[in-house]
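This report covers selected backbone and helix features of one model. Please view the sequence and structure below before reading on.

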Amino acid sequence: MKEKIIKKATDMFLKLGFKSVTMDDIACEMCISKKTIYKYFSNKENLIEEGTEVIHQKIHSLMDEVVSKNFNAIEENFEMRKMFKEMFQSFDHSPAYQLKKHYPEIYEKMMANEIEDCNKMFSQNIVKGIQQGLYRQETDVESATKFYYTLIFSINENTQLESDAYKLEGKALEYHTRAIATPKGILELEKQLVNYI
């Protein structure tokens with residue numbers, strides 16, 4: 001039952017907004033009593049926190065899935081982008097923006113987890129791209145990683161509409177790739193831009 005509540009609540013939070021969905025709404029949607037929800041979660045914040053952890057795990061496993069398909073480094077980034085679009089396309093408002101605005105403590109905790117994951121994934125992608133001759137040999141992996149995730153997170157936490165965030169993230173990916181790509185990498189980037197715009 002706990003998992004069902006988390007799943008339903010998380011879907012509702014993402015679609016309708018963290019602030020606007022009440023415990024009553026969740027209970028009504030699930031045809032259960034509010035008392036049943038409170039049996040598992042002491043309050044709404046507790047439910048949101050567990051829900052964001054479930055989303056985090058889901059994103060993490062989808063990212064691992066993309067990496068396991070062994071695309072070249074540049075294509076891999078575009079496939080990640082496609083995966084995120086499919087996951088969040090039904091939402092009008094950016095979940096990260098809402099969370100930061102209404103539940104800053106939960107947002108901070110979630111971001112600490114996300115930064116750790118993204119740091120690792122972006123670094124691995126850059127190392128892979130260097131090995132494949134798509135990114136320049138002298139690329140400072142740590143700095144390039146930090147620049148890129150700072151851009152991506154800043155877009156997500158400061159952009160209200162999911163569609164606007166998606167467009168800006170695309171520009172950030174192009175900017176990031178051009179900054180570290182070899183001529184061979186630029187050709188691959190141009191190819192991906194044609195396929196994914």
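## Loop residues with positive phi

Asn70 sits in the loop that joins α4 (44-68) to α5 (73-88). The model is a predicted one. Asn70 has a phi near 60°, a positive value in a residue other than glycine. Most residues other than glycine have a negative phi. With a relative accessible area of 64%, Asn70 is exposed, because the cut-off for that class is over 50%.

Cys31 lies in the loop between α2 (23-30) and α3 (34-40). The phi of Cys31 is near 55°, again positive in a residue that is not glycine. Cys31 has a relative accessible area of 71% and is exposed.

## Helix α9

Helix α9 covers residues 162-180, which makes 19 residues. At 1.5 Å a residue the helix should span 27 Å, and its end C-alpha atoms are 27 Å apart, so the two values agree.

The buried residues of α9 are Glu162, Ala165, Tyr166, Glu169, Gly170, Ala172, Leu173, Glu174, His176, Thr177 and Ile180. An α-helix has 3.6 residues a turn, so residues three or four places apart point the same way.

## Thr177

Thr177 is part of helix α9. Its relative accessibility is 1%, so Thr177 counts as buried, the limit being under 20%. Leaving aside residues up to four places away in sequence, Thr177 is in contact with Ile74, Tyr135 and Leu189.

Note on methods
Residues numbered from 1 in each chain as written. Predicted model: local features only at pLDDT ≥ 70, side-chain atom pairs only at ≥ 80, totals over all residues. Heavy atoms only, no water. Helix = DSSP H or I, 4+ residues; strand = E, 2+ residues; numbered from the N terminus. Expected span 1.5 Å × (residues − 1). Buried < 20%, exposed > 50% of the residue type's maximum accessible area, 1.4 Å probe, protein only. Contact = heavy atoms within 4.5 Å.
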